[in-house]
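Please read them with the structure open beside the text.

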Amino acid sequence: MIKILLSSFLASSLLSAITIDELVSKSIEKNIDLRGLEKSIQVANEQIKVSKNWKNPMLALKTNEIMLDKPLSNQKMYGVELSQVIPVGSKLDIEESIAKKDKNIQIFSLEDKKLELEAKIYEYSYTILILEKRYEILEYYQKNLDKLESLYNSLYKYQKASLNEILNTQISKLDLQIELENLKTSIDNAYLNLEQISYEKIENINEKLSLKPISKEFIESDLLTHPKVKVLEENSLKYKQIAKLEEANKFSEVTLSVEYMQNKEQDFANISVAIPLPIYKTENLNKVKANLNSNETNDRLQSLLHNLRLQNKIYLNSLNQSAKNYELIQKEIIPLKVKIQKNLENYNSFDLIKPQDNITNLNELLNYEIKALEEALKYYEAYSQLIYFSNKGIK
């Protein structure tokens with residue numbers, strides 16, 4: 001019966017578990033901030049559609065020689081005027097190009113937010129996994145302290161252990177209980193933090209810890225396509241288009257007006273054509289500003305690439321060092337402590353080895369397991385950052 005219940009529990013745990021990549025996909029679908037950016041892209045699409053439209057025509061009702069003491073019907077002349085601004089040159093093409101740049105900026109901003117979200121989900125998820133493993137180790141540690149206290153009580157009867165040893169063990173148990181409760185709170189809060197950004201209530205994460213060194217080539221191949229880089233590139237191109245637009249604005253449109261008038265004697269029409277006279281050269285100033293903005297954006301782009309490369313190197317160094325330390329603890333230090341533990345368990349002579357040494361060494365072994373988890377935590381913190389800074393080149 002117990003086996004059936006245990007099997008059912010394990011099966012339900014596996015069914016409720018979710019992989020990190022599955023969680024990322026679901027989070028991207030539900031995240032409200034991302035939906036807002038998607039709507040901005042829809043707005044940008046609409047802006048592209050109307051970017052080449054002409055301005056609305058103007059209709060004016062006109063009358064001349066108004067006599068303030070007579071009704072409108074007695075006025076000598078009245079009529080209507082229709083005027084239309086007609087674009088000339090490449091102004092509308094440039095405005096369409098600017099609208100497309102705005103859309104691209106929104107698209108890459110959305111991709112940047114998705115990348116940030118994925119990195120944060122990886123960080124929270126692996127933190128939870130490592131904290132849960134640490135909790136399991138401390139629970140095992142707690143059982144060893146119970147055994148140690150029981151052993152001291154037995155030895156105390158034969159005057160082979162002191163009262164202080166018993167009391168110190170009890171203090172260690174209380175300290176450990178505090179640590180376990182704090183750790184349980186940290187795990188619960190980590191799940192809540194994950195739920196906050198993912199909009200998913202998570203009960204179990206189905207991933208394994210796998211620490212391995214990573215080559216520099218993996219983190220540098222996708223830097224130029226990083227969405228933050230693409231945003232700056234599009235902004236720079238947009239400013240260049242704005243500079244072209246200011247130049248085109250000097251002779252960008254003609255205003256055509258058609259006027260129909262009538263009086264008691266005759267009907268007649270007037271036609272006028274108006275063109276801008278760029279005598280104040282305000283377009284030149286705006287063009288200079290746009291070019292300066294483009295150059296400033298290019299400088300920011302180079303600074304960003306410089307920082308991305310260095311941040312990648314910093315996180316990669318930390319990641320590889322943690323992987324190295326983790327392997328050293330797991331493959332060299334822990335096997336040695338296990339060997340010592342076996343030697344202690346095989347000795348039966350109280351003259352050579354105290355019984356409590358057995359449990360003390362086992363606790364030291366558990367401490368090294370915890371140290372290995374601390375290195376794993378450092379590894380996955382760096383790994384999560386590299387997901388963002390390398391534009392997922394690490395995956």
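1. In this predicted model, I would begin with helix 3, where L34, L37, I41, A44 and I48 are buried. Viewed down the axis of helix 3, the buried residues fall within an arc of 60°, so they line one face of the helix.

2. The face of helix 3 that is turned away from this buried side carries exposed residues, namely I32, K39, Q42, V43 and K49. Please note that I32 and V43 are listed here among the exposed residues, whereas I41 and I48 are buried.

3. What, then, covers the buried residues of helix 3? The covering elements include helix 2, residues 20-30, and helix 4, residues 91-157.

4. The length of helix 3 can be checked as well: at 1.5 Å a residue, its 19 residues, 32-50, should span 27 Å, and because the C-alpha atoms at its ends are 28 Å apart, the two values agree.

5. At the N-terminal end, helix 3 is capped by N31, a side-chain oxygen of which lies 3.0 Å from the backbone nitrogen of D33.

6. Turning to the strands, strand 2 (residues 58-64) and strand 3 (residues 77-87) run antiparallel and are joined by 7 bridges; within this pairing, K62 stands opposite G79 in strand 3.

7. Strand 3 is also joined to strand 5 (residues 253-262), by 10 bridges and again in an antiparallel arrangement, and here Y78 stands opposite Q262 in strand 5.

Key: Residues numbered from 1 in each chain as written. Predicted model: local features only at pLDDT ≥ 70, side-chain atom pairs only at ≥ 80, totals over all residues. Heavy atoms only, no water. Helix = DSSP H or I, 4+ residues; strand = E, 2+ residues; numbered from the N terminus. Expected span 1.5 Å × (residues − 1). Buried < 20%, exposed > 50% of the residue type's maximum accessible area, 1.4 Å probe, protein only. Arc of directions from axis to C-beta. Contact = heavy atoms within 4.5 Å. Polar contact = N/O pair within 3.5 Å; in protein donor to acceptor, adjacent residues only side chain to side chain. Pairing = 2+ DSSP bridges.
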